[in-house]
Amino acid sequence: MTSCRVCRSPIAVASYEASAPALTSMMSFIDVPTRVFVCGECGHAQCDDLPDIESFYDTTYRISLNSQDHDQIFAVSPDGTPIYRTDHQAAIGLRLLDIAPGASILDYGAGKADTLRKMCLARPDVKPHVFDVSRDYAASWSGWVKSEDQASYTVPDTWTGRFQAIISHFVIEHVADPVGFLKALHRLMAPGGRLLLSMPDASANPGDMTVADHLNHFSRTSLERALATSGFQLQTIDSDAFPGAFFIVATRSEQAVTVVENSGAVADAVRTAKEICTFWERATVRLDGAAKQFAGKRAAVYGSGFYGSWICSRIEADVDFRIFLDQNPKLQGSVHLSRPVLAPSNLDDDLDVVFIGLNPLKARAAIAAQPALNRPGLDIVWIDG
Ligand SMILES: [Zn+2]
């Protein structure tokens, strides 16, 4: 028995359970089981709390800190040019937020705050502020955010009611109390201030459902409920701007916000979340079977992200797993889980099998575009059968 992080309704049983280890968004393994619960009242899906969550984000979770140049690629354009996540987020923020001249803007859970920095290059009139639950990023803030406009661990009282705009990219999925998180943002905002949030959309990227440090998997219905409970009026929900994610804009309301009950939409969200749980159950059985079928065979895994790392954990005891293939040029030449990461065109002729570690909703189209993977005699294993 647990209770919904959004609406507090009891949730009796888990819809998905897997034994330890669990895989984090940093592609590291932690020694906890994975359990996913789906709320029948609001359509929220959630995982168990992480042990020692504060220490995890303070000292373990270091997104994009490896080098100044490393930035997650969210897409590759048709001519092969990578498109970086923070460039794209900055453009979406400028477009959706409609920031007033001279506005104070806060990046909450900023990390290196590359998104805000890029927004300020386009809008030098705005006053940037940054907050994170770690000091690791302070060096990235110096030089363009005033020291009094930087905060780590706790937000100063003087920031209450200050901000005309707050951005928080890919943070809310990590927090144990998303309603408390949104209420904190509401307090920091000036009346009428606008909030831009991004978060994964598990319905568009089912891998998100089992990421150990993603405690929340929002549906449209649970997101609207969480915002309303926190005093925000949802204005825009955009699931197209960023593949596999929701981008939303909400306005601080001074009155109570009510949500129109929509039991059909909640039922759809519940069904979708449970289908994803079923997908993972089947994928686990399928991969375990493929690991036995290809025992001793020379193998590559296509994709060195979440799906590929998960496949590694299922097959490496049985299969002669040699390399990762990844079309991200920033990852090519690196080593991941003790294997080299190579461009797909570097596929050796002597490999027997390639396991496809990509979002199953997009995997077949991506592989069809890779001639090296479509040669006769090469077995391909898909995680969705
Ligand atoms: Zn709920």
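The crossing of α2 and α3 is right-handed; a crossing is right-handed if the near helix is turned clockwise from the far one by less than a right angle, and left-handed if anticlockwise. This is a predicted model, in which local features need pLDDT of at least 70 and side-chain atom pairs count only at pLDDT 80 or more, while totals for chains, interfaces and linings use all residues. Residues are numbered from 1 along each chain as its sequence is written, and side-chain values use heavy atoms, with hydrogens and water left out. Helices (H or I, at least four residues) and strands (E, at least two) are DSSP runs, numbered from the N terminus.

Two packed helices are described by the angle between their axes and the distance between the axes. The axes of α2 and α3 cross at roughly 55° and come within 8 Å. Axes are lines fitted to C-alpha atoms, for helices over the stretch in contact, with angles from 0 to 180 degrees between N-to-C directions. α2 and α3 are therefore oblique to each other. Angles under 35 degrees count as roughly parallel, over 145 as roughly antiparallel, 65 to 115 as roughly perpendicular and the rest as oblique.

From α2, T86, D87, Q89, A90, G93, L94 and L97 meet D114, T115, K118, M119 and A122 of α3. Contact means heavy atoms within 4.5 Å. By class, this contact of α2 with α3 has 5 nonpolar, 4 polar and 3 charged residues. Ala, Val, Leu, Ile, Met, Phe, Trp, Tyr, Cys and Pro count as nonpolar, Asp, Glu, Lys and Arg as charged, and the others, Gly among them, as polar.

Now look at α3 itself, residues 114-122. D114, T115, L116, K118, M119 and C120 are buried there. Buried means under 20% relative accessible area, exposed over 50%, and partly exposed in between (1.4 Å probe, protein chains only). The buried residues of α3 pack against α2, β10, β11 and β13.

Move on to α6, residues 220-229. Its buried residues are T221, S222, L223, A226, L227 and A228. Their cover includes α5, β14, β16, β17 and α7. Just after α6, G231 takes a positive phi of about 90°.

α5 and α6 pack at an angle of about 50°, with their axes 8 Å apart. That makes α5 oblique to α6. The crossing of α5 and α6 is right-handed. V179, L182 and K183 of α5 make the contact with A226, L227 and T229 of α6. By class, the contact of α5 with α6 has 4 nonpolar, 1 polar and 1 charged residues.

F218 sits in the loop between β15 and α6. F218 is buried, with a relative accessible area of 4%. It touches, among others, V6, H44, L223 and A226. F218 and H44 are 174 residues apart along the chain, yet their C-alpha atoms are separated by 5.5 Å.

Aromatic rings come last. Rings of Phe, Tyr and Trp (its six-membered ring) pair if their centres lie within 6.5 Å; planes under 30 degrees apart count as stacked, over 60 as edge-to-face and the rest as tilted. The count comes to 13 aromatic pairs. The rings of W159 and F163 have centres 5.6 Å apart and planes at 85°, so this pair is edge-to-face. Both W159 and F163 are buried. F294 and F355 also form an edge-to-face pair, 6.3 Å centre to centre with 80° between the planes. This pair links distant parts of the chain, 61 residues apart. F279, W280, F306, Y307 and W310 form one aromatic cluster.

Technical notes:
Lists of a residue's contacts leave out its neighbours within four places in sequence.
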